[in-house]
Amino acid sequence: MAVFNHVSFDEHEQVVFCHDKESGLRAIIAIHNTNLGPAVGGCRMWNYASDDEALTDVLRLSRGMTYKNALAGLNMGGGKSVIIADPKTTEREALFRAFGRFIHTLGGKYYSAEDVGTTTADIMIAHQETPYMAGLEGKSGDPSPFTAIGTFLGIKAAVKHQRGLDSLKGLKIAVQGVGHVGYYLCQHLHQEGAELIVTDIHQASLDKVASEFGASVVAPNDIYSQDVDVYAPCALGATINDHTIPQLKARIVAGCANNQLAEVRHGEKLKELGILYAPDYVINAGGIINVSFEKDYDVHKSTTKVEQIYQTLLSIFERAEAENRTTGSVADEMAKAIIAQAKMVTVS
Ligand code: NAD
């Protein structure tokens, strides 16, 4: 398993492999860049098929956090952690205490929070061992509703840019994954009058959005080919790939999942086909923006900043169109400029 030569290494500052014999913890913490401040990014718990798969995931997610935090205008660097374990495990106390102790050894260079497979309750367990946890109960709490607000506004920005419409009323939107974020996103879309087509691998989650928001349910593999205006990936990453792109009828891809493009070239393919892509780390920044207000938590200040995602995305779409580039490359360039500027300020 290559680390320094890994295709997604991208000049990571620090990568920590953690093992605790008693709890069975196996985790990787990746700190990509701290130019803008301490690295902040969630902890994902997943049944990775191999250590390699876990490393690839954490490196890609961590780099994404650097760009996400920069473009969201936060004084925070990028990092992420993964725990290699079944996310459904009920033996969580010892595991997350051990995880918290590893976070503590980094002395505040990295703050962790919840992500796929982990909950606020897990974060509170780790918090007993270290202050370097974010998204705490009684403070900013569950980031998902804020990620959903940002994603909803991102979809609106894409529709505004492509179709000149100010409302989603009557538009058809396919949502893949109706978990924490997907559920709240469906709520906003339904309130706005959009027609929902959803899929998930958990029947109970599907039943909830079908009964509350009148969503039509389709099988997981059928979500890509739906005749819809927008495809919103809100489950796991890499769902925009060689296999799915030819199936897409949607002219917009805008959802909350991290790392939606299997490879950079898939962003180019979307552009070629005239499909507008909302870069994932820009549209899904609502949760981390909310976490950034953790210290003196104020829901109004947080929401106002989350709402800026609409304007940020419009600027990216306009610039990409004017320069005939992919939205992803424009977003990356904007984020890199902010990070480089922060480095210059630190050095001078
Ligand atoms: P979640 O685990 O609550 O929801 C994901 C949902 O996707 C689950 O209901 C799961 O059953 C479903 N799913 C998994 N595989 C599927 C498949 N093959 N087909 C259909 N559905 C499938 O996670 P979440 O917190 O809602 O996050 C969703 C995505 O958004 C993740 O990629 C996450 O990294 C990203 N994200 C989340 C936040 C946040 O605030 N929670 C912030 C930024 C990005």
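Select α5 and α6 first: they run roughly parallel to each other (an angle under 35 degrees). The axes of α5 (residues 180-191) and α6 (residues 203-213) come within 11 Å and cross at roughly 15°, with axes being lines fitted to C-alpha atoms over the stretch in contact and angles running from 0 to 180 degrees between N-to-C directions. α5 passes α6 in a right-handed crossing, meaning the near helix is turned clockwise from the far one by less than a right angle.

This is a predicted model, where local features need pLDDT of at least 70 and side-chain atom pairs count only at pLDDT 80 or more, while totals for chains, interfaces and linings use all residues. Numbering starts from 1 along each chain as its sequence is written, and side-chain values use heavy atoms, leaving out hydrogens and water.

Now show the side chains in contact (heavy atoms within 4.5 Å). Y183, C186, Q187 and H190 in α5 meet K208, V209, E212 and F213 in α6. By class, that contact has four nonpolar, two polar and two charged residues.

Next, jump to α7 (residues 264-272), where H266, G267 and L270 are buried (under 20% relative accessible area, 1.4 Å probe, protein chains only). They cover an arc of only 105° around the axis, so they sit on the same side of α7; the arc is taken over directions from the helix axis to the C-beta atoms. Which strands do the buried residues of α7 pack against? Select β11 (252-253) and β12 (276-277). After α7 comes G274, with a positive phi near 75°.

How values were computed. Buried < 20%, exposed > 50% of the residue type's maximum accessible area, 1.4 Å probe, protein only. Helix = DSSP H or I, 4+ residues; strand = E, 2+ residues; numbered from the N terminus. Parallel < 35°, antiparallel > 145°, perpendicular 65-115°, else oblique. Nonpolar A, V, L, I, M, F, W, Y, C, P; charged D, E, K, R; others polar.
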